[in-house]
Amino acid sequence: VAYHNWAHGWSVAHAMFVLLNSTDIFDPSESLALFISCICHDLDHRGKNNAYMKNMSTPLAAIYSTSVMEHHHFNQTVTILQQDGHNILKSMTSDEYKKALSAIKHCILATDLALARMAGLCAEGTFDIKEIEHRKLLQGILMTGCDLIASAKPWSIQTETVKVIFEEFYEQGDAERINGKDPIPMMDRMKAHELPQMQVGFMRGICVPCYDAIATVIPEVSKLRDQCEYNAKMWEQLAEEQKKEDEAK
């Protein structure tokens, strides 16, 4: 798998490790759950998204009705924890273990749907870290922020990572085309010239708002927001250049 492999899992976990060392918002058990969730959040990824799994009627799609791959990633996590010598949570009490697994499941299943609610709470100034639901929202947003960490890394790393991500996307598009389905533009290698514009939409629609929301609660994360903003502007420049090239043709 081009992108969703061990290197990605390590990168996401590293981002969470650095972030957790920048704040004391979470207690040790919450921090452990967040860190484990990052390492395991894409376990056994097939290089294909949920839409592909459903459209191709894959066995996994038959097992899970929603969030197909996310449920699979969590179940893979549990499977590993149950193997001899692999249960790093075995010293916990029964209640602690259940709480940890519940937190890990929540984090792995966390989706971008939480972003709009979190952003709204921050904008209204009503976010309260002591409220359980708000804490869970923050955890979900942190998972998203770490998952998208390449968007907040130096431009040279951002561009190289995007190339790898889109190669995986194009491989899915190729598979869809072979099966008689038209891939969406993002997965269509015939539309690779539109990549900068697609990145602008992604950065402005998801990445920047995500780091904005996190930075409101954890100011130390503002450097990620700033780098993400810089990268978004760079993509906008490339998109503008591509537009002029297209018009010239």
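Biologist: Which residues in H8 do Glu-30, Leu-34, Ser-37 and Cys-38 in H2 meet?

Modeller: Please keep in mind that this is a predicted model. By class, the contact of H2 with H8 has four nonpolar, two polar and two charged residues. On the H2 side stand Glu-30, Leu-34, Ser-37 and Cys-38, and the partners they meet in H8 are Arg-135, Gln-139, Met-143 and Cys-146.

Biologist: At what angle do H2 and H8 pack?

Modeller: Two packed helices are described by the angle between their axes and the distance between the axes. For this pair, H2 passes H8 in a right-handed crossing. The axes of H2 and H8 lie 11 Å apart, and the angle at which they pack is about 35 degrees.

Biologist: Which element gives the largest share of the lining of the second largest pocket?

Modeller: This pocket holds about 330 Å³ of space and is lined by 15 residues, with Glu-30, Lys-99, Ala-103, Lys-136 and Gln-139 nearest its centre. The elements that give two or more residues to that lining are helix H2 (28–40), helix H6 (94–109) and helix H8 (132–147). By class, the lining has five nonpolar, four polar and six charged residues. The largest share, six residues, comes from H6.

Biologist: How far apart in space are Met-56 and Asn-179, C-alpha to C-alpha?

Modeller: Met-56 sits in the loop between H3 and helix H4 (59–63). Leaving aside residues up to four places away in sequence, Met-56 touches Glu-176, Asn-179 and Lys-181. Although Met-56 and Asn-179 are 123 residues apart in sequence, their C-alpha atoms are separated in space by 8.5 Å.

Terms used
Residues are numbered from 1 along each chain as its sequence is written. This is a predicted model: local features need pLDDT of at least 70, side-chain atom pairs count only at pLDDT 80 or more; totals for chains, interfaces and linings use all residues. Side-chain values use heavy atoms; hydrogens and water are left out. On a 1 Å grid over the protein atoms alone, a cavity is a set of points where a 1.4 Å probe fits but cannot get out, and a pocket is an open set with protein on both sides within 12 Å along at least five of seven lines; lining residues have an atom within 4 Å of a point. Grid points are joined across faces, edges and corners, and a volume is the space filled by probe spheres set on the points. Helices (H or I, at least four residues) and strands (E, at least two) are DSSP runs, numbered from the N terminus. Ala, Val, Leu, Ile, Met, Phe, Trp, Tyr, Cys and Pro count as nonpolar, Asp, Glu, Lys and Arg as charged, and the others, Gly among them, as polar. Axes are lines fitted to C-alpha atoms, for helices over the stretch in contact, and angles run from 0 to 180 degrees between N-to-C directions. A crossing is left-handed if the near helix is turned anticlockwise from the far one by less than a right angle, and right-handed if clockwise. Contact means heavy atoms within 4.5 Å.
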